[in-house]
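Hi,

Here is the structure I promised to pass on. My notes follow below it.

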Amino acid sequence: MENDKGQVVDLYIPRKCSATGRLITAKDHASVQINIGDVDASGRLTGGYQTYALSGFVRSMGEADDSLNRLATQDGYLKNVWQYSQ
């Protein structure tokens, strides 16, 4: 909800899992949010970052590492790490 000035005034804004798109509820204490920083050619942080939220469901199934590799590859942070196999 927003006030008259356009500022968000909600006490809780639910997140969505980056891997599955599920809503992460307030009671999901197994969920994590990971920020991966952008770096320049010399390896220094540029100040930007990409945020990934993983639900407790993904973590309990043991798919968090694979999901994070897939998402980071799609965003250009990793190369030749994740590939789809049937």
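Where is Arg22 found? Arg22 sits in the loop between β1 (15-16) and β2 (23-24); strands (E, at least two residues) and helices (H or I, at least four) are DSSP runs, numbered from the N terminus.

Before the rest, a caveat: this is a predicted model, where local features need pLDDT of at least 70, side-chain atom pairs count only at pLDDT 80 or more, and totals for chains, interfaces and linings use all residues. Residues are numbered from 1 along each chain as its sequence is written, and side-chain values use heavy atoms, with hydrogens and water left out.

Back to Arg22: with a relative accessible area of 43%, it is partly exposed (buried is under 20%, exposed over 50%, partly exposed in between; 1.4 Å probe, protein chains only). Leaving aside neighbours within four places in sequence, Arg22 is in contact (heavy atoms within 4.5 Å) with Arg15, Lys16, Cys17 and Phe57. Arg22 also lies over the face of Phe57, 3.9 Å from the ring centre (the rule: NZ of Lys or CZ of Arg within 6 Å of the centre and within 35 degrees of the ring normal).

Now the inside. Cys17, Ile24, Ala53, Leu54, Val58 and Ala64 form the largest nonpolar core, meaning buried Ala, Val, Leu, Ile, Met, Phe, Trp, Tyr and Cys residues joined through side-chain atoms within 4.5 Å.

Ala64 is also one of the buried residues of helix α2 (residues 64-74), along with Ser67, Arg70, Leu71 and Ala72. Those buried residues pack against β4 (45-54) and α1 (56-60). After α2 comes Gly76, with a positive phi near 90°.

Cheers
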